[in-house]
Amino acid sequence: MPHSAVPSSQPPRPRAAVIMAAGQGTRMKSPTPKVLHKVGGRTLIDHVIDTVEQAGCERIVVVTGASGQVRDHVARRLGEAAIAVQDQPLGTAHAVLAAKERLADFDGEVLVINGDCPLVEPEHLAPLFGLLAEGAGIALVGFEPRDQLLYGRLIQGADGHVIRIVEPREAKPEEALVKTCNAGMYAADHGRLFGWLARVDDNNAKREFYLTDIVKLAVAEDVLVRASMAPESAVMGCDTQAQLSAAEAIFQQRRRAHFLAEGVAMPAPESVHFSWDTQIAPGAGVEQFVVFSTGVVVETGAQIRAFSHLEAARVREGAIVGPYARLRPGADIGEQAHVGNFVEVKNVALGKGAKANHLAYLGDGSVGAGANIGAGVIFCNYDGYGKYQTHVGAGAFIGSDSALVAPVTVGEGAYVGTGSVITDDVSPDALALARGRQVEKPGWAAAFRASRIAAKAKS
């Protein structure tokens with residue numbers, strides 16, 4: 001009997017995504033829900049949401065538990081209307097069926113995907129919609145894993161179309177030899193999908209409603225089921241800390257390759273750690289063992305030297321950061337500015353050519369163009385209750401081991417003498433000294449030693 005599906009010449013239909021994120025993730029052995037663990041500084045669920053949005057899904061429904069951190073997280077990003085609740089864990093088909101009400105008014109194609117697959121890209125999902133346009137009733141992603149014991153097998157007919165999916169514990173010996181496995185990502189027409197889901201039963205070893213059974217139901221109706229292959233690295237889930245670590249390693253390899261291809265110089269890329277949103281312009285350089293946390297932008301010609309840590313910071317053209325520097329949120333390092341070893345900058349903008357080359361803490365404020373911050377300088381920005389601003393004017397010079405007690409302003413071109421504690425504003429071009437006057441007593445040390453020697457001799 002011929003398959004009932006026929007190719008369509010219609011324009012692309014609307015797309016929606018159902019993301020399954022209700023699982024407890026007990027194998028993570030963590031108080032953090034599985035899909036809220038992070039790869040590249042971004043939660044697994046946010047990676048998946050990003051991908052389905054880029055794949056053209058205009059509606060997104062995330063299936064969560066009735067309460068908890070995952071639901072709150074999704075509500076903050078997508079709103080309450082994007083949440084469907086699986087009130088009890090009865091299987092993957094039951095989870096997707098929970099999204100039916102949220103998509104009741106939707107007419108188009110639905111993508112079903114797990115919420116713990118941070119490495120899948122739009123390019124891995126696009127073929128599914130192409131297969132639907134060519135006449136498939138269900139399109140799914142297949143892959144060939146190194147460890148096939150964990151995955152359901154895609155059993156294909158002589159024509160190469162999928163005829164069923166067999167779970168590992170239920171596979172016959174000849175079926176267990178099949179290398180092509182199911183990645184758990186599907187696309188189908190909305191009406192057909194939820195029609196099949198309503199007919200799935202729990203007649204299996206685990207007494208669960210398997211999503212894979214929609215393939216069996218479709219084939220029984222002579223509906224064409226086709227698979228698109230993807231690499232294992234793209235579709236891997238993160239059920240354990242080991243898998244999460246493996247996903248992180250693959251993510252980092254991808255980012256390193258991306259930045260090298262874009263013209264970023266890295267003599268030891270394997271030692272550099274990136275976040276999902278790191279931006280580095282061509283012509284910048286990154287030395288060994290640098291960590292980019294989220295929100296970092298590095299402009300062309302800037303140099304990030306070894307063992308530095310950057311978070312939510314901008315490094316402008318030609319600036320030098322490190323080695324052993326820490327940029328915290330709000331740090332803005334101006335063109336040609338220098339932040340040297342063991343300098344920490346938080347919520348401070350350094351002007352063009354400003355320098356803080358050693359052992360300083362700059363927190364909350366600004367440093368003008370060409371200003372020099374000496375070794376051991378501290379912006380005393382916190383009194384235990386509030387944060388206050390310190391502003392150093394252009395061309396000013398702050399002597400080593402000085403403390404600027406905020407709120408305070410040092411005017412343009414002013415000097416602060418070494419070892420000063422500055423509590424009042426300093427006028428432009430003035431010299432501020434705030435330390436005890438040096439007193440010298442000639443011969444005191446020799447007399448002191450002699451007295452001590454005499455006292456010891458008497459005893």
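Leaving aside neighbours within four places in sequence, Met20 is in contact (heavy atoms within 4.5 Å) with Val63, Thr92, Ala95, Val96, Val112, Ile113, Asn114, Gly115 and Leu211. The structure is a predicted model, in which local features need pLDDT of at least 70 and side-chain atom pairs count only at pLDDT 80 or more, whereas totals for chains, interfaces and linings use all residues. Residues are numbered from 1 along each chain as its sequence is written, and side-chain values use heavy atoms, with hydrogens and water left out.

Met20 has its place in strand β1, where strands (E, at least two residues) and helices (H or I, at least four residues) are DSSP runs numbered from the N terminus. With a relative accessibility of 12%, Met20 counts as buried; buried means under 20% relative accessible area, exposed over 50%, and partly exposed in between, computed with a 1.4 Å probe on protein chains only. The C-alpha atoms of Met20 and Val62 are 6.1 Å apart in space, although 42 residues separate the two in sequence.

Thr43 belongs to strand β3, which comprises residues 42–43, and at 7% relative accessibility Thr43 counts as buried. When residues up to four places away in sequence are not counted, Thr43 touches Val35, Leu36, His37, Lys38 and His73.

Helix α1, residues 44–54, is mostly covered, with nine of its 11 residues buried. The buried residues of α1 are Leu44, Ile45, Asp46, His47, Val48, Ile49, Asp50, Thr51 and Val52. Just after α1, Gly56 takes a positive phi of about 95°.

The axes of α1 and helix α2 (residues 69–78) come within 11 Å and cross at roughly 35°; these axes are lines fitted to C-alpha atoms, for helices over the stretch in contact, and the angles run from 0 to 180 degrees between N-to-C directions. The crossing of α1 and α2 is right-handed, a term used if the near helix is turned clockwise from the far one by less than a right angle. On the α1 side the contact involves Ile45, Asp46, Ile49, Asp50 and Glu53, which meet His73, Val74, Arg77 and Leu78 of α2. The residues of this contact divide into four nonpolar, one polar and four charged, where Ala, Val, Leu, Ile, Met, Phe, Trp, Tyr, Cys and Pro count as nonpolar, Asp, Glu, Lys and Arg as charged, and the others, Gly among them, as polar. An α-helix has 3.6 residues a turn, so residues three or four places apart point the same way.

**Salt bridges**

A search of the whole structure finds 24 salt bridges, each being a side-chain nitrogen of Lys or Arg within 4 Å of a carboxyl oxygen of Asp or Glu.

| Pair | N to O distance |
|---|---|
| Asp239 and Arg27 | 3.2 Å |
| Arg59 and Asp105 | 2.9 Å |
| Glu134 and Arg226 | 3.0 Å |

Asp239 and Arg27 meet in a salt bridge. Asp239 lies in the loop between α8 (232–235) and α9 (241–261) and Arg27 in the loop between β1 (15–20) and β2 (38–39), so the pair ties together parts that are 212 residues apart in sequence. Asp239, at 24% relative accessibility, counts as partly exposed, while Arg27 is exposed, with a relative accessible area of 52%.

Arg59 forms a salt bridge with Asp105. This pair links distant parts of the chain, 46 residues apart, with Arg59 in strand β4 (residues 59–64) and Asp105 in the loop between α3 (92–97) and β6 (109–114). Arg59 counts as partly exposed at 27% relative accessibility, and Asp105 as exposed at 61%.

The side chains of Glu134 and Arg226 likewise meet in a salt bridge. Because Glu134 lies in the loop between α4 (122–133) and β7 (138–143) and Arg226 in strand β11 (residues 225–229), the pair ties together parts that are 92 residues apart in sequence. Salt bridges that share partners also join Arg42, Asp46, Asp50, Glu53 and Arg77 into one network.

**Cysteines**

The whole structure has zero disulfides, a disulfide being a pair of cysteine sulfur atoms within 2.5 Å. Cys57 is in no disulfide, and the nearest cysteine sulfur, that of Cys117, is 14 Å away. Cys57 counts as buried at 6% relative accessibility. The sulfur of Cys181 is 14 Å from the closest cysteine sulfur, in Cys117, which is too far for a bond, and Cys181 is buried, with a relative accessible area of 0%.
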